[in-house]
Amino acid sequence: MKKLFVLNGGAAVKPGNKSAFLKIDDPLSSFSRGGINTGDVLVYDAMLKALAYDQIKNLQFAHAGDEKLWPQEDYDATVIRGSNYLTETVDISNVIPLLKKLKGPIVPVGVGAQAAKYKKLELPKGSVEAWKIIADKCETIGVRGVYSAEVFNDIGIKNVRIIGCPSFYRNLRPSIEIRPIDPAKARVGLTLNRYLSADYASNATKTNRMQRALIQAVAQRPVNRLYSQGEREETLAIFAKGEEKQKHIQSILEKYNLDGDKDVEALVSDRMQAFFDVDEWAADAKENVDVLVGFRLHGNVIGLHQGIPAVFFTYDSRIRELSTLFAIPSVEVEDYMPINLENIFEKADFSKVQHVYRLNYAEYHRFLTENGLNHVLANPVTAPPKKALEKPNLVQTDQNLGEVTDWFQDEVGYMTGEIQTLRDRAWKLELALRELKAPKPNAKLAS
């Protein structure tokens with residue numbers, strides 16, 4: 001019997017060990033406590049589909065310090081589900097004792113750096129020690145892209161392979177065929193991201209304003225739909241009823257400064273979906289959308305691995321390095337231009353995606369094989385790439401002068417209003433501080 005130990009899988013596994021899902025019986029209760037990123041479940045699901053083991057045990061990093069939860073038997077291999085582990089704020093030192101005890105290879109699959117921009121990271125000392133232990137226990141560490149490889153190189157770890165994210169290879173095929181897009185009629189699937197600040201956006205203001213514009217553009221077509229990728233308010237709005245549902249819908253509209261936009265309200269209230277089972281999520285995308293856009297990485301990948309075209313909006317290091325690695329068309333938020341979906345779809349160049357996918361798949365196949373992991377991937381149809389891609393495939397649109405002028409006039413008006421709001425708040429705070437410092441009318445003078 002082949003046994004696999006998983007660190008940080010983060011989801012339940014169906015019988016047969018080939019699919020992952022969130023076991024949620026009461027979504028309202030579960031999401032009232034916070035959001036759950038279903039993109040992580042997609043990564044785990046793709047790993048399960050590629051690997052072939054009879055028995056699987058998972059332990060989350062958060063619980064890895066509890067020796068009572070450690071495996072009491074030997075496993076043939078340990079894998080670490082890829083995620084944003086290389087950051088200046090994530091410390092995995094609590095996992096070190098377990099890492100030292102585990103026998104056999106420990107193979108990270110799709111580890112990524114997370115920063116607003118490409119920069120040198122000062123990782124926590126405990127994380128550096130943990131990654132060096134892991135590097136010594138595997139042939140290679142699978143990383144998301146060139147930037148993530150550089151972050152490892154900076155701490156002296158060089159045995160890495162740039163494989164992207166395992167979710168891109170969920171179909172297990174050595175090649176993909178991207179469907180053509182009819183810009184005028186394409187059914188669009190959209191995902192949103194509420195957490196676009198700090199390490200998750202090179203410019204939070206631009207990113208959130210671009211996301212707002214994208215929501216409005218998608219909402220104009222009644223055939224388009226919105227996917228909640230585990231966001232709290234969005235998921236609660238889907239499953240709640242009556243006044244509670246309206247409260248969450250209103251919260252979403254206010255979050256994006258879209259209160260009163262009837263098209264967006266209809267999109268959120270009538271055409272928003274959430275899935276906790278990756279197989280069901282993938283099937284819905286395949287059936288109901290022709291192209292995917294949005295601000296969630298895996299909200300696009302759920303379609304790409306099935307041949308559904310997707311356009312990324314790049315706003316942080318993670319989205320930039322993965323869209324670049326696979327030559328996926330992207331719109332850079334730093335350019336801060338108005339959004340015309342038909343224009344974007346017409347100019348999006350997918351000609352390189354199929355070729356680059358075959359190269360990256362070959363590298364993924366080599367990575368799993370050299371680390372001794374049992375897998376079911378078909379043989380590659382080409383050799384791995386000599387060098388990973390580093391130049392983004394940016395969508396170059398022809399901007400209409402009138403649209404651009406109107407866009408920036410509206411944005412300047414909004415920003416001016418925000419500045420005035422901040423000034424008003426600052427003045428009220430100043431008055432309150434003055435009042436606190438002012439002597440009380442009945443206070444006795446010091447003798």
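These legends describe close-up views of a predicted model. Local features need pLDDT of at least 70, side-chain atom pairs count only at pLDDT 80 or more, and totals for chains, interfaces and linings use all residues. Residues are numbered from 1 along each chain as its sequence is written, and side-chain values use heavy atoms, without hydrogens and water.

**View 1. Strand β5 (residues 77-81) is largely enclosed by the rest of the structure, because five of its five residues are buried.** Buried means under 20% relative accessible area with a 1.4 Å probe, protein chains only. Strands are DSSP runs of E, at least two residues; helices are runs of H or I, at least four; both are numbered from the N terminus. Ala77, Val79 and Arg81 cover one side of β5, Thr78 and Ile80 the other.

**View 2. β5 pairs in the parallel sense with β1 (residues 3-7) and with β6 (residues 106-111).** Strands pair if DSSP finds at least two bridges between them. β1 and β5 share four bridges, and β5 and β6 also pair over four bridges. Phenylalanine 5 stands opposite threonine 78. Arginine 81 has valine 109 of β6 as its bridge partner.

**View 3. Six strands form an open parallel sheet, ordered β11-β10-β9-β12-β13-β14.** β11 (272-274) and β14 (330-332) are the edges; each has a single partner strand, so one side of each lacks a neighbour in the sheet.

**View 4. β13 (residues 310-314) and β14 pair in the parallel sense.** Three bridges join β13 and β14. Phenylalanine 313 has valine 331 as its bridge partner in β14.

Conventions: Buried < 20%, exposed > 50% of the residue type's maximum accessible area, 1.4 Å probe, protein only.
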